Structure formats: C-alpha cells, structure tokens
Amino acid sequence: MLTQIHEKTTALSCQSTAPDGEPFQIVTLTNENGMTIQVMDWGATWISCKLPVKGEQREVLLGCQPDDYPVQRAYLGASIGRYANRIANAEQLGLTTNQGPHQLHGGMGWDKVRWKLDSFSENSVTFSHFSPDGDQGFSGEVKATVCFTLGDDNSVRITYRAQNQQDTPLNLTNHAYFNLNNAMDGCDVRHHFLQLNAEQFLPVNSEGIPNAPLKSVNKTSFDFRTEKMIQQDFLLEEQQSTKGYDHSFLLNESGVKPCAILTALDRSLSLEVRTSQRALQVYTGNYLAGTPTRNGGQYMDYSGIALETQALPDTPNHPEWWQYGGMAKAKEGYEHWTMFKFVM
C-alpha cells in the first residue's frame, strides 16, 4: 500500500513483515533541495538520509534491509527508551538486565517495538508509543511521541516528548550512525574530522559503566575543542578499555554554537549537531563488525559514528548528575530536541 499526501511525502507499507506479523510502515520526506529521509514505525527508526553531494545522491546514514532491523544489535537509527545508555546493577533498582548485571538502552526497550504512526505532513512525521507501569521494571506509565522534521536548510530535527505518571528515569535519544563519505559500505569513519563543544568527559570501565567523576578533556585524547581527525589520538588512555571512543561528554551550555561538528575526509560535507540535552555520547562503532548493510554485506568496526544526545549514563545511580537530566518528575512532562544540519 502506498499513500501519497504531497509530492514530497509518501507513506509505504513495506512487503516485509515485522515480528508482530504486520508490515513495516516507512515514511519518506523530501525537501526542496532533493534531500530525502526515511523513517520507519518499528522502533521509530531513522533508516535513511540521502542528499545531493557533487552531483549524486549520497547516503550518510548506516542502515540495513527492513527485515534485519529487528535482529541487528547495533540499534541502527532507533529511538531508545526508557533510558538510553547504561544503568549499572539494574536489578538493585528493580530493573531488567540485558548486559550482564546492567541494563543497556532500556532492556527490551522501545527500539524493539512498533510505534504508532500518528501523522505525517509535507515535512514531518510523528510516532507515538505507550509504555505501561512496570515495563522493564520502570515505575509508572509513559506516553511518548517522536517527531522527525525535514527542513529546507538540509536539517533533520528530532523532538521527543513524554508524559509520565510517576517519577521515573527517562532519557530518550536516536541512535543514528553517520558516515559522511560512504554509509552504504561504511568506510573507516576514523578518517572524519570531529569538533565538540565540551570541556569534560565521563570515564568508564570496559562495560561502559562510569568509574570516576567527570574529568577535564584538557591535555587528553578526549579534547575535541579544536577540530581534529578522530584517528589522531585513537585508542589512547581510557579508550583502551572500550576499543575506542564510547564516552559521554558534558556539553557546554550554548544555544547557538553546535555541540558537535563532523566533517568528511574530503571536506565535501559537514554535519552540525545542536540539542537541548546536556550530554553527548560519542561512539565510534567499535563493535559494528557483522552488522548487516543495505546491500547484503556487513559493516566492519568503525564504519560509522553515533552522536547520541542524552543525559549522562547511569544517572539513576548518581544523584550528583540529576541536574543534567535523566530523571523525570511525575506529571512534569519531558521534551528534548536535537537538530542534525548538513552543510556543503
């Protein structure tokens, strides 16, 4: 079934079926510059992002075939909830576990369910999800929405909103992986350039669990305040236990300056990231090997970089970090946005 409500917007029922036996619903948005994005209702997942670069449509988002999304383990482009990143010793908090004694990305989380396709228009699409009380051990029911908006300035704005009936950890993000040179096959993303608006990062152990207070990036391999190639200081210091960058950076408060700028090796394209969140998880795809591609192949490690805007990991166990988000008070409402803008 194909529904077209505008020449730039289509909603398609894919022939492939999801684990619930129903077809995947895929929405395509196109702006006036010929940039196209696709989002899918399974996991409210951003599955494609193409824009014209040097006379051809370049895919900049890692992705796979629809059938592979429910089984791949890299969280490609998925909406993550209730809590993005890790919560240590989850059972002690009454939560389910899925990474040893810890919980990662909400356990059997929101990336593994079908979101309801609420609406779509010329430039946006909105999905919703209901999480009952006790879902993965979390308290209180949550009603969440995510809106993807494609701008004519080649930006993609993702807005998460939620209503929670009880106090609960709540930390939502999109887990897109970017490769500005070749996202179809996934060339080595460590040859991209990166700049971050962050003075501090959070050390973690080999399981990704914070094991020290926030630390200054000054004179460390985590200093991206000035643009540098990701490869430059790779696998130094705290990175050795995580096979690369898989760390949260506390962002400087700035309503104008991007929190991150990613630039292709040939400088043909840059990605500027802005957000209302206070932290950014930078993950250089250290364990992507074996993840299926769109064309029947497999990505290698370091084929893409995830720039996940969120609260700090393991915040439920660290009251000193609650000021940076991640803990939602009953009936206060939750709203955060992130904008990914592509610049040629």
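Begin by selecting the open sheet of 9 strands, which has the order E10-E11-E12-E13-E27-E23-E22-E17-E20 with antiparallel pairing. Strand E10 (116-120) and strand E20 (228-229) stand at its edges, each with a single partner strand, so one side of each lacks a neighbour in the sheet. A strand here is a DSSP run of E at least two residues long, numbered from the N terminus; two strands pair if DSSP finds at least two bridges between them. Strands of a sheet pair through backbone hydrogen bonds, either parallel or antiparallel.

This is a predicted model, in which local features need pLDDT of at least 70, side-chain atom pairs count only at pLDDT 80 or more, and totals for chains, interfaces and linings use all residues. Residues are numbered from 1 along each chain as its sequence is written, and side-chain values use heavy atoms, with hydrogens and water left out.

Next, select residues 193-196 and 260-263: these are strands E17 and E22, joined in the antiparallel sense by 4 bridges. Phe 193 stands opposite Thr 263 in E22, and Gln 195 faces Ile 261 in E22.

Leu 262 has Leu 271 in E23 as its bridge partner. E22 and E23 form a hairpin with 6 residues between them, and Arg 267 in the turn has a positive phi of about 60°.

Now move to the open sheet of 6 strands, E16-E25-E24-E21-E18-E19, where the pairing is antiparallel. Its edge strands, E16 (177-178) and E19 (215-216), each pair on one side only. Finish with E24 (residues 279-283) and E25 (residues 305-310), which run antiparallel and are joined by 5 bridges. There, Gln 281 stands opposite Glu 308 in E25.
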